Amino acid sequence: DEIVSVTALDRGSALHEAVHRLHQAVLDGAAPVPGPGGWNTEHVELLARLGAEVADELEAAGRTGRPAFWAVERPALLAELARWVEADRANWQGRDVLLSEATFGHEHPVSLALADGRSVAFQGQIDRVDGLPDGTLVVTDHKTGGARDYAALGDDDPTLGGTRFQLPVYAAAARVLLGRPDATVRAEYAFFAKERFRRICITLDERSWERVGEALTRVIDGIEAGVFPAIPDPPAY
């Protein structure tokens, strides 16, 4: 069907891709490694160029809708990337970029331990992994949507009652991919402009991993017993 304006999915994918290309340029040596203060002017200019490239590719693919709408959406997308740089720099804390769009589950098996000693294997892709000066790994999953469904996430409930396992799985994968099985991991959702670049974080320490294992055990026990609960979204218009 005819696309009137760029969809939220395509817009979000474009933001992810531009940020990934910046990370990859640093990892490949095509851009300088950020200093203790984070991104500098050179990185800002590079991201602007990369964002323009991604926007051009989106337009060439016929995904941007009518020209009048794209004339507004394109500069808004590029402006959001510029604001993302500032927000990311404010949360830098002397980190080093270690991985970007890192896949796991095939060449690098990743599993979570259940409370009874069994384990469950996972596969997926992590947006970004950083290292802090104290050795902590920081796993980031970028979100272009809303934060409402994740607002209650925290160290005391790292899976939201057994309904959200993404960050613990990514934390386990970061340990495997970097060969640091005992590293402390801080996993976070980093939102874009819709949520004013808010971050929701959990720290995976010994007690947190126990909570994750207990929650996952309840889920697996239910599935093995033949229970597949339907959890629909709340009623809406």
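So, start at the surface: V219, I223 and F228 make a nonpolar patch of about 280 Å². Keep in mind while we go through this that the model is predicted. F228 sits in the segment after α5, which covers 206-224. Its relative accessibility is 62%, and that's over the 50% cut-off, so F228 counts as exposed.

Since we're next to α5 anyway, let's look at that helix. α5 has 19 residues, and from the first C-alpha to the last it reaches 27 Å, close to the 27 Å you'd expect at 1.5 Å a residue. Which residues of α5 are buried? That would be S208, W209, V212, G213, A215, L216, T217, I220 and G222. If you look at the spacing in that list, remember that an α-helix has 3.6 residues a turn, so residues three or four places apart point the same way. As for what the buried residues of α5 pack against, you've got β2 (110-113), β3 (119-122), α4 (166-177) and β7 (199-204). And just after the helix, G226 takes a positive phi of about 90°.

Let me zoom in on one residue there. S208 is in helix α5, and with a relative accessible area of 1% it is buried. What does S208 touch, leaving aside neighbours within four places in sequence? The contacts are D155, P158 and T203. D155 is 53 residues away from S208 along the chain, yet their C-alpha atoms are separated by 6.4 Å. With T203 there's a polar interaction too: the S208 side chain reaches the T203 backbone oxygen at 2.9 Å.

Okay, over to the other helix I wanted to show, α1. Residues 8-28 make up α1, 21 of them, and at 1.5 Å a residue they should span 30 Å; the end C-alpha atoms are 30 Å apart, so that agrees. The buried residues in α1 are D10, R11, G12, A14, L15, A18, V19, H20, L22, H23, A25 and V26. What covers them? The cover includes α2 (41-60), α3 (67-90), β1 (96-104), β4 (124-131) and β5 (137-143). Just after α1 there's a glycine with a positive phi again: G29, at about 85°.

Buried or exposed? H43 is buried, with a relative accessible area of 1%. Not counting residues up to four places away in sequence, H43 touches L22, V26, A31, P32, V33 and P34, and L22 and V26 are both on the buried list for α1. The H43 side chain also has a polar contact of 2.9 Å with the side chain of N40.

E53 counts as partly exposed, at 38% relative accessibility.

Next is R66 with E2, where the closest N and O atoms are 3.5 Å apart. R66 is in the loop between α2 and α3, and E2 is in the segment before α1, so the pair ties together parts that are 64 residues apart in sequence. E2 is exposed, with a relative accessible area of 58%, while R66 is partly exposed at 39%.

Then there's R128 with D130, with 2.9 Å between the closest N and O atoms. Here both partners are buried. These two also belong to a network: salt bridges that share partners join D88, R95, R128, D130, R186, E188 and R199.

Last thing, backbone angles. Which residues have a positive phi without being glycine? One is Q93, with phi near 60°, in the loop between α3 and β1. Another is L160, at about 50°, which lies in the loop between β5 and α4. L160 has 16% relative accessibility, under the 20% cut-off, so it counts as buried.

That's my tour, and I'm happy to go back to any of these spots.

Notes:
Residues numbered from 1 in each chain as written. Predicted model: local features only at pLDDT ≥ 70, side-chain atom pairs only at ≥ 80, totals over all residues. Heavy atoms only, no water. Helix = DSSP H or I, 4+ residues; strand = E, 2+ residues; numbered from the N terminus. Expected span 1.5 Å × (residues − 1). Buried < 20%, exposed > 50% of the residue type's maximum accessible area, 1.4 Å probe, protein only. Contact = heavy atoms within 4.5 Å. Patch = residues over 30% accessible without salt bridge, like charges linked within 9 Å, V, L, I, M, F, W, Y side chains within 5 Å. Areas by Shrake-Rupley, 256 points an atom, 1.4 Å probe, with all protein chains shown as cover. Salt bridge = Lys/Arg side-chain N within 4 Å of Asp/Glu carboxyl O. Polar contact = N/O pair within 3.5 Å; in protein donor to acceptor, adjacent residues only side chain to side chain.
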